[in-house]
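Me: Could you take me through the structure shown here?

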Amino acid sequence: MEHTVLTAFQAIQAVLAPALGISVVGLLLLALNARYSAIVNRIRMMNDEKRRFHKLIAENVELSYTETARYNSVRSQTRALLGRSRLVRNAILALQTAIALFVVTSVMIGLNFFLPTEIPHAATLVSFIAGMLCVLVGIVSAAKERRCTVRSRSF
């Protein structure tokens, strides 16, 4: 009897772990997608401003000191934003990969419980651990981007 109860609890835990992982990662993705969208929109605005300066330069209009400073600032900010966008993009890709791995884990768990075929338990565990590592990579990448944000606001 104890063996059956223990197995039922293990089955419930095994099925819930990937599902909870998918939910948590989904919330992280929601926030990161909004962040990524804001960064991309800011890059577009900067590029529009940069194009206006390029048009003036092409027309041989001499830029004032303030315009030159702004042009240089826009170029610098665009480079920084592109770096930040890459970090957020990498975080999003890592988290999407984690979701895929959690889905694969759930499928393998289901196959182990409901089909006579025996998928090696190690493969299921490896899939879950790989998903967790992808979550870690995504969080580290998002933290690096956050650190860039804090650094850019300090001056």
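This is a predicted model: local features need pLDDT of at least 70, side-chain atom pairs count only at pLDDT 80 or more; totals for chains, interfaces and linings use all residues.

Me: Which residues touch the most other members of the largest nonpolar core?

Reply: They are V25, L32, L95 and V135, in a core of 17 residues. A nonpolar core is a set of buried Ala, Val, Leu, Ile, Met, Phe, Trp, Tyr and Cys residues joined through side-chain atoms within 4.5 Å; buried means under 20% relative accessible area, exposed over 50%, partly exposed in between (1.4 Å probe, protein chains only).

Me: Which helix supplies the largest share of this core?

Reply: That is α2, with eight residues. Helices are DSSP runs (H or I, at least four residues), numbered from the N terminus.

Me: What is L95 in contact with?

Reply: Leaving aside neighbours within four places in sequence, L95 is in contact (heavy atoms within 4.5 Å) with V25, L28, L29, L32, C134, V135 and G138.

Me: New topic: how many aromatic pairs are there?

Reply: There are two. Rings of Phe, Tyr and Trp (its six-membered ring) pair if their centres lie within 6.5 Å; planes under 30 degrees apart count as stacked, over 60 as edge-to-face and the rest as tilted. F53 and Y71 are edge-to-face, because their planes are at 65°.

Me: Is F102 buried or exposed?

Reply: F102 counts as buried because its relative accessibility is 0%.

Terms used. Residues are numbered from 1 along each chain as its sequence is written. Side-chain values use heavy atoms; hydrogens and water are left out. Helices (H or I, at least four residues) and strands (E, at least two) are DSSP runs, numbered from the N terminus.
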